[in-house]
Amino acid sequence: NAGVTQTPKFQVLKTGQSMTLQCAQDMNHEYMSWYRQDPGMGLRLIHYSVGAGITDQGEVPNGYNVSRSTTEDFPLRLLSAAPSQTSVYFCASSYSGGANYGYTFGSGTRLTVV
Amino acid sequence: KNEVEQSPQNLTAQEGEFITINCSYSVGISALHWLQQHPGGGIVSLFMLSSGKKKHGRLIATINIQEKHSSLHITASHPRDSAVYICAVRTETSGSRLTFGEGTQLTVNP
């Protein structure tokens, strides 16, 4: 099925560990993005990409790295996990170049850092 | 002040009631999106608007560009409509990036 696939769905990390959240889409979308969702706050943009080889920071990039080596994949790396990174993470994708395109979201990754 | 404000934050309704959720924004936009998130679930796109009104089943979304305001209406509400409804805007200067409201938690009781 076409869409955005996020893995894993759940993860528990110890402080200081690193991990990669995977995001893949098969719709040939140029734009991909990572958000975190915390109680009482709207979704906040971590990093985004407008195409392979192009990434940029969002509102809350500290502690996270991304790369975009292919159109399909946009992994999010936590370099040294901290309890403040406990959150639900969503990946989303869209076509670029114009406002008339919707967004497709992944099912989310619930991350707990202890 | 957030660029996107939603009201109410929480809404409880009885099955069958007509529901309205509001979204106001303070920036120029190229499109506004309404999203739905069920408890523990992913996020689904309901509508994308740049003008006027759209309808899908019992859901209706309207936007007034001059007043910088959008509403999401649910007619004949049902317990399965219980979810968080999120307003998000694509601003004129943000490219493909979205700015989100905090969401409205809707609970529809049978």
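Analyst: In chain B, strand E6 and strand E7 (residues 59-64) pair in the antiparallel sense over five bridges, where strands (E, at least two residues) are DSSP runs numbered from the N terminus and two strands pair if DSSP finds at least two bridges between them. This is a predicted model, in which local features need pLDDT of at least 70, side-chain atom pairs count only at pLDDT 80 or more, and totals for chains, interfaces and linings use all residues. Residues are numbered from 1 along each chain as its sequence is written, chains are lettered from A and ligands numbered from 1 in the order in which they are written, and side-chain values use heavy atoms, with hydrogens and water left out.

User: Which residue is the bridge partner of Lys54(B) in E7(B)?
Analyst: The partner of Lys54(B) there is Ala61(B).

User: And in what order do the five strands of the open sheet in chain B come?
Analyst: The order is E1-E3-E8-E7-E6, with antiparallel pairing. Strand E1 (4-7) and strand E6 (52-56) of chain B are the edge strands, each pairing on one side only.

User: What about the open sheet in chain A, how many strands form it?
Analyst: Four strands form that sheet, in the order E1-E3-E8-E7, and the pairing is antiparallel. Strand E1 (4-7) and E7 of chain A each have a single partner strand, so one side of each is left without a neighbour in the sheet. E7(A) and E8(A) run antiparallel and are joined by three bridges, and Tyr64(A) stands opposite Leu78(A) in E8(A).

User: Switching topic, where does Glu72(A) lie?
Analyst: Glu72(A) lies in the loop between strand E7 (64-66) and strand E8 (76-78) of chain A.

User: Why does Glu72(A) count as partly exposed?
Analyst: Glu72(A) counts as partly exposed because its relative accessibility is 39%; buried means under 20% relative accessible area, exposed over 50%, and partly exposed in between (1.4 Å probe, protein chains only). Leaving aside residues up to four places away in sequence, Glu72(A) touches Cys23(A), Ala24(A), Gln25(A) and Met32(A), contact meaning heavy atoms within 4.5 Å.
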